[in-house]
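Please keep the model open as you go through the points.

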Amino acid sequence: MKLDFQVGTSKKSHEIMKRLSGKTDDKKEPANPKAPFKQMSNAYLFALVLGLSKGKKKPIEKKNRINVFQFSSVEGDNDFSILLQHLGEPSDLVDKDSARKAIEEYANWGLDSLGESKYGDDDYRIHKLLEEIGLGPMSSFVTD
């Protein structure tokens with residue numbers, strides 16, 4: 001299935017995505033060099049894979065939804081439908097609308113989780129978040 005549609009996120013997650021890519025509302029201000037991503041699209045894809053890896057989704061209310069990307073341009077030469085097929089739920093690939101909704105909800109959960117990993121104004125500790133949710137290098141030593 002070709003994933004060619006607009007994807008969005010919540011207003012809150014959009015702000016998190018901007019911070020993670022070092023962007024500010026002031027166009028004259030330079031990007032934060034300590035931000036973990038250089039582009040918002042990279043933060044979005046990382047958040048999507050994070051949500052898929054944990055099987056976690058967070059719905060987006062229509063009134064709080066913002067269109068952010070044409071997914072086919074963000075996806076590039078990668079085929080995220082394969083990830084949805086293997087890591088997602090069967091309902092994620094019923095049709096293009098269900099795929100779009102699933103992508104948005106996995107990414108929204110991931111962005112919210114990434115937002116929680118920010119400890120200071122420019123101190124991102126994604127490795128701590130990954131460990132906390134069981135995906136970091138120390139996760140194999142953590143027992144439930």
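1. Is Y44 buried or exposed? Y44 is buried, because its relative accessible area is 0%; buried stands for under 20% relative accessible area, exposed for over 50% and partly exposed for what lies in between, with a 1.4 Å probe and protein chains only.

2. A word on what you are looking at. This is a predicted model, in which local features need pLDDT of at least 70, side-chain atom pairs count only at pLDDT 80 or more, and totals for chains, interfaces and linings use all residues. Residues are numbered from 1 along each chain as its sequence is written, and side-chain values use heavy atoms, with hydrogens and water left out.

3. Now the overall plan. The protein has six helices and two strands, arranged β-α-α-β-α-α-α-α from the N terminus on. Helices (H or I, at least four residues) and strands (E, at least two) are DSSP runs, numbered from the N terminus. Of the 144 residues in the protein, 44% are buried. Among contacts with a separation of 6 or more, 74% are between residues 24 or more positions apart; a contact means heavy atoms within 4.5 Å.

4. Next, the aromatic rings. How many aromatic pairs does a search of the whole structure find? The search finds four, where rings of Phe, Tyr and Trp (its six-membered ring) pair if their centres lie within 6.5 Å, and planes under 30 degrees apart count as stacked, over 60 as edge-to-face and the rest as tilted. One of them is F5 with F71: the ring centres are 6.2 Å apart and the planes are at 20 degrees, so this pair is stacked. It joins distant parts of the chain, with F5 in the segment before β1 (6-10) and F71 in helix α3 (residues 71-75), 66 residues apart. Both F5 and F71 are buried.

5. Y44 comes back here with a partner. The rings of Y44 and F69 have centres 5.5 Å apart and planes at 70 degrees, so the pair is edge-to-face. Here too distant parts of the chain are linked: Y44 belongs to helix α2 (residues 40-54) and F69 to strand β2 (residues 65-70), 25 residues apart. F69 is buried, with a relative accessible area of 14%. Leaving aside neighbours within four places in sequence, F69 is in contact with residues including F5, V7, M17, M40 and V74.

6. Have a look at F80 as well. F5, F71 and F80 form one aromatic cluster. F80 sits in helix α4 and is buried, at a relative accessible area of 8%. Apart from neighbours within four places in sequence, F80 is in contact with L3, L45, L48, V49, F71 and E75. From F80 to K2 the C-alpha to C-alpha distance is 9.2 Å, although they are 78 residues apart in sequence.

7. Turn now to a helix pair. α1 and α2 pack at an angle of about 120 degrees, with axes 8 Å apart; axes are lines fitted to C-alpha atoms, for helices over the stretch in contact, and angles run from 0 to 180 degrees between N-to-C directions. H14, M17, K18 and L20 of α1 and M40, A43 and Y44 of α2 make the contact.

8. What is the place of K18 in this picture, buried or exposed? K18 is buried, with a relative accessible area of 11%, and lies in helix α1. Not counting residues up to four places away in sequence, K18 touches K23, D25 and M40. The buried residues of α1 include S13, H14 and I16, and those buried residues pack against β1, α2, β2 and α5.

9. N108 counts as buried, at 1% relative accessibility. Leaving out residues up to four places away in sequence, N108 touches T9, S10, S13, K58, P59 and I60.
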